[in-house]
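Please look at the structure before reading on.

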Amino acid sequence: MRVRQGQTPFEVIAEHKANPVGKHSYELTRLLNYFRKAEVPDKYAVAQIGPLKDSQYKIFAFTGDPEKPPRVVDERVYSSKNEAYHAIFLLRVNDLLES
């Protein structure tokens with residue numbers, strides 16, 4: 001997937017970091033739509049850990065097998081949902097570059 005000439009890849013990543021949820025530029029919207037169409041196996045998700053007041057977040061990946069639970073991607077714990085969303089975005093970008 002190529003980013004059109006309006007934004008550099010670094011600008012798209014910076015835009016997502018500043019605002020992981022909400023209205024985005026054409027380039028970022030296009031990239032996010034591409035990620036959303038991914039197959040369920042190894043698709044990432046955010047899970048809340050602990051009570052709502054003191055919430056922390058971890059990243060999991062679905063196995064694609066309904067018989068198996070999602071796997072923990074790493075042991076990092078994120079203090080906000082937006083921080084976790086951006087971490088998933090970076091994982092997806094990395095996965096795309098490795099494919």
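The points below cover the aromatic rings, the sheet and a helix pair.

The model is predicted, with local features requiring pLDDT of at least 70 and side-chain atom pairs pLDDT 80 or more, while totals for chains, interfaces and linings use all residues. Residues are numbered from 1 along each chain as its sequence is written, and side-chain values use heavy atoms, leaving out hydrogens and water.

**Aromatic rings**
- Ring pairs, defined by centres within 6.5 Å (planes under 30 degrees apart are stacked, over 60 edge-to-face, the rest tilted), link Tyr34, Phe35 and Phe89 into a cluster.
- The ring centres of Tyr34 and Phe35 are 6.2 Å apart with planes at 55°, so this pair is tilted.
- The rings of Phe35 and Phe89, with centres 6.0 Å apart and planes at 75°, form an edge-to-face pair.
- Because Phe35 belongs to helix α2 and Phe89 to helix α3, their pair ties together parts 54 residues apart in sequence; helices are DSSP runs (H or I) of at least four residues and strands (E) of at least two, numbered from the N terminus.
- Phe35 and Phe89 are both buried, whereas Tyr34 is partly exposed at 41% relative accessibility (buried is under 20% relative accessible area, exposed over 50%, partly exposed in between, with a 1.4 Å probe and protein chains only).

**Sheet**
- An open sheet is formed by 3 strands in the order β1-β2-β3, with antiparallel pairing; pairing requires at least two DSSP bridges between two strands.
- Strands β1 (44-49) and β3 (71-72) stand at the edges, each with a single partner strand.

**Helix pair**
- Val12, Glu15 and His16 in α1 meet Glu27, Leu28, Leu31 and Leu32 in α2, contact being heavy atoms within 4.5 Å.
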